[in-house]
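Hi everyone, thanks for making time. Let me put the model up on the screen, and then we can walk through it together.

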Amino acid sequence: MHQLIIGDRRLKGAGTISVTEPATGRPMAEVAAAGSEDLDQAVAAAKAAFPEWSGRTAVARAEVLFRFSSLVREHVEELALLEARNVGKPIGDARWEANHVADTLRYYAGAADKFFGETVQVGKPGLDITLRQAMGVVGLIVPWNFPMVIATWKLGPALATGNTVVLKPASLTPLSALRLGELGLEAGLPPGVLNVVPGPGARIGQQMSAHPDVAKIAFTGETETGRRIMATAAATIKRVSLELGGKSPNIIFADVDVEEAARHACASVFANAGQDCCARARVIVERSLYPRLVEAMAAVTTAMKVGDPLKETTEMGPVISAAQRDSTERYIALARQEGARYVCGGERPDGDGFFLRPSIFADAKPGMRIVDEEIFGPMVVVIPFDTEAEAVSIANDSIYGLSGSLWTNDLKRALRVARAVRTGVLSVNSSSSVHLQAPFGGFKQSGLGRELGMHALEHYTEIKNVYFETN
Ligand code: NAD
């Protein structure tokens with residue numbers, strides 16, 4: 001059984017999580033589930049470790065994080081295999097993610113001594129300076145779709161700035177977080193600086209959000225869960241940063257290469273079996289290109305290799321669970337009821353595991369639930385438009401505002417539309433959302449705060465103003 005990591009101890013917890021391998025539907029591992037006392041102990045361990053860790057120079061903390069990064073790099077194959085099996089993602093993608101974890105730790109090791117306060121010209125003689133100080137114990141609550149990547153986006157800036165951490169992975173995918181915890185200790189993180197406590201969100205996550213000794217919650221997950229965490233955190237005026245759901249637009253104008261746009265439109269929603277907060281799940285297409293684009297997307301989708309995530313040629317694995325597949329299938333049924341046009345896909349292949357072929361529905365409209373709601377499965381809707389203003393209006397007609405893409409060769413139009421779309425991230429003639437060095441996060445109900453880049457460091461520190469009287 002994989003045990004909790006609290007300080008330098010491994011604990012059995014108060015229960016057991018049975019982890020399933022989505023590609024086979026069979027059990028993969030047994031993991032300890034933290035109970036309420038375990039969480040209290042983890043917070044106490046993090047609190048005890050805080051003075052020494054935050055008191056080190058940034059350079060000294062960075063040395064440990066550089067070692068942590070190197071150790072992750074040495075274990076890329078092991079971590080990739082763990083993640084590919086536990087999440088069901090293609091092994092090539094999992095390998096990229098494991099390397100990205102090492103890159104993220106290295107970036108924040110490098111950033112540790114490049115983030116500082118300022119001197120301020122105040123209206124009195126003397127010296128006024130600002131300090132950036134660690135917050136204390138930070139609770140990290142992460143989802144199952146990119147378990148170790150999202151954990152590290154938070155761990156990197158939290159540890160670099162001197163906080164100590166209690167990390168709660170999702171119950172479906174606790175394995176890579178526990179392995180990261182072990183590698184962190186091996187790299188020389190003092191015991192208590194990084195504690196890992198798998199456990200049920202509704203109890204352990206909730207308790208973390210209410211805990212008086214937790215200074216901040218950094219959360220990624222559903223908008224509804226984020227709302228609950230924010231409400232709970234209000235009682236102690238806890239700091240929160242939230243990366244939540246999305247229903248990102250992919251606006252395609254008629255002046256682009258249809259094959260390229262179709263390839264990207266499919267890849268950007270069906271990667272990770274559609275379980276991606278940045279999935280461009282609403283393809284919004286200029287009417288003169290619309291029939292050809294739908295046809296080209298259907299050709300790409302029908303040819304997609306769906307299957308064993310451990311096979312190098314696989315493009316899409318299973319979804320995470322039977323429940324996630326059922327939920328996507330309910331949206332497929334709803335699409336027909338709502339009057340969208342079925343184009344292709346949506347079948348369950350024969351065999352075990354939670355596989356579902358990617359599907360496309362065309363002639364969709366805002367106001368349909370399949371357009372407005374986050375499906376978080378391999379299904380995409382396509383919507384036609386006639387004018388630039390209409391494209392922007394459809395794109396913005398959402399409670400979400402995380403990510404999006406825009407395809408055009410008209411530079412002025414690209415600038416106009418990029419400004420007008422209300423999302424935190426937008427790529428032009430590209431489907432990439434994440435750059436380690438650039439801020440990532442959502443407008444509207446997609447979140448609060450930013451991850452990645454130097455911006456993330458602001459969300460793990462308090463700013464303190466110190467004035468020295470000289471008269
Ligand atoms: P989820 O909200 O169900 O769970 C996320 C985490 O929160 C898990 O660790 C869970 O145990 C915990 N949790 C559940 N209830 C809680 C509570 N009451 N208090 C505290 N913690 C609680 O989300 P999920 O299903 O694991 O992940 C999918 C969602 O995450 C999607 O909505 C997706 O868009 C979103 N997501 C967002 C981003 C982003 O960066 N914006 C990235 C990835 C995923």
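Let's begin with the open sheet of seven strands, whose order is E14-E15-E16-E13-E12-E18-E19 and whose pairing is mixed. The edges are taken by strand E14 (341-344) and strand E19 (427-428), each of which has a single partner strand, so one side of each is left without a neighbour in the sheet. Strand E18 (residues 405-407) pairs with E19 in the parallel sense over two bridges. If you want to find that spot on screen, look for leucine 406, whose bridge partner in E19 is valine 428. When I say strand or helix, I mean DSSP runs numbered from the N terminus, with at least two residues (E) for a strand and at least four (H or I) for a helix. Two strands count as paired if DSSP finds at least two bridges between them.

Before I go on, a word on where this comes from: it is a predicted model, so local features need pLDDT of at least 70 and side-chain atom pairs count only at pLDDT 80 or more, while totals for chains, interfaces and linings use all residues. Residues are numbered from 1 along each chain as its sequence is written, and side-chain values use heavy atoms, with hydrogens and water left out.

There is also an open sheet of three strands, in the order E5-E6-E22, and its pairing is antiparallel. Here strand E5 (119-120) and strand E22 (461-468) are the edge strands, each pairing on one side only. Strand E6 (residues 127-134) runs antiparallel to E22 and is joined to E22 by eight bridges.

Now for helix H4. Histidine 100 lies in this helix, which spans residues 91-111. Is histidine 100 buried or exposed? At 5% relative accessibility, histidine 100 counts as buried; the cut-offs are under 20% relative accessible area for buried, over 50% for exposed, and partly exposed in between, with a 1.4 Å probe and protein chains only. Its side chain makes a polar contact of 2.9 Å with the side chain of tryptophan 153. By polar contact I mean a pair of N or O atoms within 3.5 Å; within protein, one must be able to donate a hydrogen and the other to accept it, and residues adjacent in sequence count only if both atoms are side-chain atoms. Leaving aside residues up to four places away in sequence, histidine 100 touches Val149, Trp153, Val434 and Leu436, where contact means heavy atoms within 4.5 Å.

Threonine 104 is also found in helix H4, and threonine 104 is buried, with a relative accessible area of 0%. What does threonine 104 touch, not counting residues up to four places away in sequence? The list is Thr152, Trp153 and Leu436. Threonine 104 and leucine 436 are 332 residues apart along the chain, yet their C-alpha atoms are separated by 6.8 Å.

On to the charged pairs. Side chains of opposite charge can pair when their charged atoms come close. I call it a salt bridge when a side-chain nitrogen of Lys or Arg is within 4 Å of a carboxyl oxygen of Asp or Glu, and the count by this rule comes to 24 salt bridges. In helix H8 (residues 223-233), glutamate 224 and arginine 227 sit three residues apart, about one turn of the helix, and their side chains meet in a salt bridge at 2.5 Å, N to O. Glutamate 224 also forms a salt bridge with arginine 228, with the closest N and O atoms 3.7 Å apart.

Glutamate 388 and arginine 416 form another salt bridge, with 2.8 Å between the closest N and O atoms. Glutamate 388 lies in helix H13 (residues 388-396) and arginine 416 in helix H14 (residues 411-420), so this pair ties together parts that are 28 residues apart in sequence.

Last stop, the ligand. Of the 28 residues around the ligand, the ones that come nearest are Val142, Thr225, Leu244, Cys277 and Glu374; near here means that a heavy atom of the residue lies within 4 Å. A backbone N or O atom of leucine 244 is 2.7 Å from a nitrogen atom of the ligand.
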